[in-house]
Amino acid sequence: MLERVNIQNLDDYFTECSKRRKKGVYFCRLTVYSVEIEQFIKKYYNEARKNGVVIEGKIPNPDEKNLSYYEEIMGMGFQMSLGFLNDSLKKWLPRMNDHQRERVVLALYDTLDSLQKAGKTENMLKNAYIKFMCWLYYKFERIINQLGADQIPKILYEGYVSSYERMMLSILSQAGCDILLLQYEGDQGYLKVDPGSVWSEECRVDGAAGFPQGFSLKRIREIMQDEQRSEALYGARPNVKNSTNSWIKGTGLDDFRETVSTRGKDPHLFYNCFYRINGVSDKLFYAEELYRFQLELKNSKRNVVIVDKEIPKPTPDEIAAIKRNNYTNQDQMIRGLAANMKHKAGGELYKLMNQSFVDSIQKAAKEPGISLNKLTNRAVYLLCWLNRYQAKLFEHWNNTDIACFIYLGGCKNSSEAMFVSFLARLPVDVLILCPNLNERCCLTDDLLYELNYTESLVLDRFPVNNAKLHIGTAAYHAERELDTLMYQDTGLYRNQQYTRANVINLQTMYEEIRILWDQELKYRPSFSVVGDTVNIPVIFSKVSGVKDGELEYYWGSIQELLTENTVLIQKAPYLDHTTPNPVKPYATEFYKNGKLLKTKMKQHPKYPYGILREEVQEVMLEKLQMILEEKRIRGIGENGTEYTVISTVLNLPKDILRMIQKFDFTKKNPKLIYVNAAEQIISLEDTILVTFLNLIGFDILFFIPTGYQSVEKYLNQNVMEEHQIGEYVYDLQVPDLKNTPFNKPRQGWRNIIFKRGN
């Protein structure tokens, strides 16, 4: 039998028997944890899997089938003698050689003898003997025929052992096995079966503490599987790695000016910087400083890419160039898409790209709620942008080159942020400039260094040449500061300060309409500004009937609402399918898969709105898309009505178009009054027109003395409010409301009360 010897270092476990300081085996208990101990457990676990036995939970007791088979082969006899034990083991475990069997026999006899001396009956000895024999056969047969080899077999046991398990492990220890017990809750449980630590020793490691919550061999196995999976994904690792921001002085652009040779000397590192600069230090000279900075970079022969405002989304051709398949899991997707990364600079740059790509995707995969499909789309975007910019960033690249990627405006979404973080792990200096403090970059990254200034400056384009360089005077910047003080969170607004608006349809009493009608929008209930978007409260109502049947006052009440900014329609239809429309033949070219093809539309020779301000065009096309997406008009997506919607909105009358162009979302809004006194159905085109103008922010009033349907026929959801003000009147001729004088309506008690309140 081999003697159990005390261990000096955990790594002694992996020393071959012939090279150990003292010939023997180790039987130890680990009750403490450290990072080094975790690495040791991983290594020991691997050794036990290859050349030993791993026990997670108890060693199962022999069941009826085990005992039945044992009885069939061995019978139920028992003698407390070395000869009997030797003959029994020779028959029960025939693969052991004589030397191995002798070790087990002596250890087994020694254990049974100790039980006998402790007062156990012969029947108890017999039961213990059969239990040990079954365990040897069913649990440890794979290692007992390795006993005596220079490579000592390993047993790893997780948890507290029972009394008989301790005896079984002691038999195997004496026979020539190394044993390690993992006891996460301390040593108290083991000491119940071995109070004097006679059979094993507790390992004491300096600086170690208790095991962390949840630590287990299962967790170790998962970590090792993750590591193996990662190695398969990463392939050959690069010979160099990034030393990002470790060398910088925090001096802003001067850090980027630092030559590569002075940043660091370690040949196994490349020294890049990853910055975000919020605000500006000096508004007067900021643009000029950027202009000089990019000139210096180019004059130093560095590869430079500059992006303004946003990283343009990949084009259909760029996306089509990425080879991909249908993926069932994340690893398959990473391996498949990574094959798209190639560069003529050679293997080292490819290894860096592949490593950063895998890191980026695995980090994104941890975001809550992200699906494999979304992750794949973001990975494709990353590869498209890499293909777009890598030729310029890595042209004539060698191991000492550091390119520079400058992004003015900051990341707008998670795809941009992932791409920028990806670049920061490559031989690239990444600089994010956010001079306008009202616009925030969404990027978060542990490597990112941030520099903050208190002054803010609006700069839409990076100044790359003199022709585009605009430098504000001190007076100009003072005026901008005054604007900020006056028009930010004060209730005061600059002309055309906002370019985006959402519409809120007000529910009112009929008498309130006259009070709200000519008010500036900012004084109406529910008006608000959130970020760069104005919430506009508008009137969208239908007035049915004639109050008290008094036509003179009825016409006068309509005439009273006519302002200089009101479109008056006195006969239905205003527009219909016979109205000349030069856009109609091309409407089918502007819409595909539920989306407006805005770029194609704007480039078309028949597109009529190119003369409008860009922001006005964007608002109009956004509202048109909303009508189509929400299917506000019946027949959209069913019978081609969507093309009627497109052609109608793209052929607005000139007076309405001019009202939209000059509409300021914080002031008085334009109006439309539609009077339909005849028995004429309002057309589909008219319904499209008023639906669109409602979303733009027009106040819209229908006066229907007959009470008949107006636009309801073509709306999927009737969002208009209806006011029943009197009896229905038929066969009326609408007078010239703009030029014929009428008596004003008498003021009722509601009107008087509301005017006083106003």
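Trainee: Which residues of α1 meet which residues in α9?

Mentor: From α1 come Glu 38, Ile 41, Lys 42, Tyr 45 and Asn 46, and they meet Leu 217, Ile 220, Arg 221, Ile 223, Met 224 and Glu 227 in α9. Contact here means heavy atoms within 4.5 Å. Keep in mind that this is a predicted model, where local features need pLDDT of at least 70, side-chain atom pairs count only at pLDDT 80 or more, and totals for chains, interfaces and linings use all residues. Residues are numbered from 1 along each chain as its sequence is written, and side-chain values use heavy atoms, with hydrogens and water left out.

Trainee: What makes α1 and α9 roughly perpendicular?

Mentor: They pack at an angle of about 85°, with their axes 11 Å apart. Angles of 65 to 115 degrees count as roughly perpendicular, under 35 as roughly parallel, over 145 as roughly antiparallel and the rest as oblique. So α1 and α9 get the label roughly perpendicular. The axes are lines fitted to C-alpha atoms, for helices over the stretch in contact, and angles run from 0 to 180 degrees between N-to-C directions. Helices (H or I, at least four residues) and strands (E, at least two) are DSSP runs, numbered from the N terminus.

Trainee: What is the order of the strands in the open sheet?

Mentor: It's β2-β3-β4-β1-β5, 5 strands with parallel pairing.

Trainee: And why do β2 and β5 stand at the edges?

Mentor: Each has a single partner strand, so one side of β2 (52-56) and of β5 (201-203) is left without a neighbour in the sheet.

Trainee: How do you know that β1 and β4 pair?

Mentor: Two strands pair if DSSP finds at least two bridges between them. β1 (residues 27-30) and β4 (residues 178-182) are joined by 4 bridges, so they qualify. One example is Cys 28, whose bridge partner in β4 is Leu 180.

Trainee: Why is the pair of Phe 14 and Phe 40 called tilted?

Mentor: Rings of Phe, Tyr and Trp (its six-membered ring) pair if their centres lie within 6.5 Å; planes under 30 degrees apart count as stacked, over 60 as edge-to-face and the rest as tilted. For Phe 14 and Phe 40 the centres are 5.6 Å apart and the planes stand at 55°, so the pair is tilted. The two residues are 26 residues apart, with Phe 14 in the segment before β1 and Phe 40 in helix α1 (residues 35-51).

Trainee: What sits over the ring of Phe 14?

Mentor: The charged end of Lys 43, 4.5 Å from the ring centre. A charge sits over a ring if NZ of Lys or CZ of Arg is within 6 Å of the ring centre and within 35 degrees of the ring normal. Arg 237 does likewise over the face of Tyr 234, at 3.8 Å from the ring centre.

Trainee: Why does Thr 687 count as buried?

Mentor: Buried means under 20% relative accessible area, exposed over 50%, partly exposed in between (1.4 Å probe, protein chains only). Thr 687 has 0%, so it's buried. You'll find it in helix α25 (residues 684-696).

Trainee: And is Asp 548 buried or exposed?

Mentor: Exposed, because its relative accessibility is 53%. Asp 548 lies in the loop between β16 (540-544) and α20 (551-559), and has a positive phi of about 55° although it is not a glycine.
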